[in-house]
Amino acid sequence: MRKMLYLCLFGSLGSYSAMATACCSNEEKTAELKRVIEYNQPAEQFFFEANPKAIAMKDDGVQFILNGNNSYIFNGERSEVSVQSPYEVGDTIRYQFSFKLLDSPVFSQGWDGVWVIVAQWHDQPDPRKGETWSNYKSSSPPLSYQLEYDDQLYLVLHTANHDERIPVRPKQQITCRTQVHWLYKTDGRVSGWCDVDGKRHPFDFADKIMLNDYYHYFKFGLYRDKNIDELMGIEYSALTINEVKNEK
């Protein structure tokens, strides 16, 4: 299977690669993604939200690449993978992932446009109530990691009433452990840390993080304002999702 996937590779630009994923079945792609990021849950939870030219599978990770010409899909400028990892309201879930930003001038100069999201937790229709995407009004993600440029680049853990801003640079190894106590109609709690090249940035705060009472799915990759055209890339190398027991 791995040989077949690597036969799909075509071309590269510096640290950026491209993969024609259309040549491989969805089962092969999800199994390979589970392997390269060492995901600890079933591969069937993955769903690719990426143009085949905007994602590159490597032996030790996966790259998401946007350049303004390869990336409009599902009504957005994106290259992402969604993860359907269910939980119940009141559960505490720990998400841990590692990534680095690929080198690009835009990360040292800033960009036109408002937002760039590299990880998010998004609401979705509740099938128990007969909701579908066709009759459900979606909103901006209530919890996300974003990139901002203000004289320098920041990774921002964002909710409606709280921002954690962490200075970052391309090529730095970033690992974030985000523990979420999921509550609806009252403030949930978000705690954990991000390590940037070994320097730890802890956080612990409460805010409204659920928009309905059905589990919010996790997404990772790149999703950005459609007015941004510059080359951007991110490489994820690890992801685990675990329930935390005996948490209040």
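**Aromatic pairs and their surroundings**

Mentor: This is a predicted model, and a search of the whole structure finds 20 aromatic pairs.

Trainee: How are the rings of Tyr95 and Trp121 arranged?

Mentor: Their centres lie 5.3 Å apart and their planes are at 75°, so the pair is edge-to-face. The pair links distant parts of the chain, with Tyr95 in strand S8 and Trp121 in strand S9 (residues 116-122), 26 residues apart.

Trainee: Is Tyr95 buried or exposed? And what about Trp121, buried or exposed?

Mentor: Tyr95 counts as buried because its relative accessibility is 2%, and the cut-off for buried is under 20%. Trp121 is also buried, since its relative accessible area is 0%.

Trainee: Which residues do ring pairs link into a cluster?

Mentor: Ring pairs join Phe64, Tyr95, Phe97, Phe99, Trp121, Tyr145, Phe218, Phe220 and Tyr236 into a cluster.

Trainee: Back to S8, please. Where is Thr92?

Mentor: Thr92 belongs to strand S8, which covers residues 92-101. With a relative accessibility of 4%, Thr92 counts as buried.

Trainee: What does the side chain of Thr92 make a polar contact with?

Mentor: The partner is the side chain of His181, at 2.9 Å.

Trainee: New topic: charges over rings. Which ring does Lys29 lie over?

Mentor: Lys29 lies over the face of Phe48, 5.3 Å from the ring centre.

Trainee: Which residues are buried in the helix H2?

Mentor: Helix H2 spans residues 26-36, and its buried residues are Glu28, Lys29, Thr30, Glu32, Leu33 and Val36.

Trainee: Let us step back. How many helices and strands are there in the protein?

Mentor: The protein has three helices and 17 strands.

Trainee: What share of the residues is buried?

Mentor: Of the 248 residues in the protein, 52% are buried.

Trainee: And how do contacts join residues along the sequence?

Mentor: Among contacts between residues at least 6 apart in sequence, 69% join residues at least 24 apart.

Trainee: Lastly, what does the accessible surface come to?

Mentor: The accessible surface of the protein is about 11800 Å², and 46% of that belongs to carbon and sulfur atoms.

How values were computed. Residues numbered from 1 in each chain as written. Predicted model: local features only at pLDDT ≥ 70, side-chain atom pairs only at ≥ 80, totals over all residues. Heavy atoms only, no water. Helix = DSSP H or I, 4+ residues; strand = E, 2+ residues; numbered from the N terminus. Buried < 20%, exposed > 50% of the residue type's maximum accessible area, 1.4 Å probe, protein only. Contact = heavy atoms within 4.5 Å. Areas by Shrake-Rupley, 256 points an atom, 1.4 Å probe, with all protein chains shown as cover. Polar contact = N/O pair within 3.5 Å; in protein donor to acceptor, adjacent residues only side chain to side chain. Phe/Tyr/Trp six-rings, centres within 6.5 Å; stacked < 30°, edge-to-face > 60°. Lys NZ or Arg CZ within 6 Å of the ring centre and 35° of its normal.
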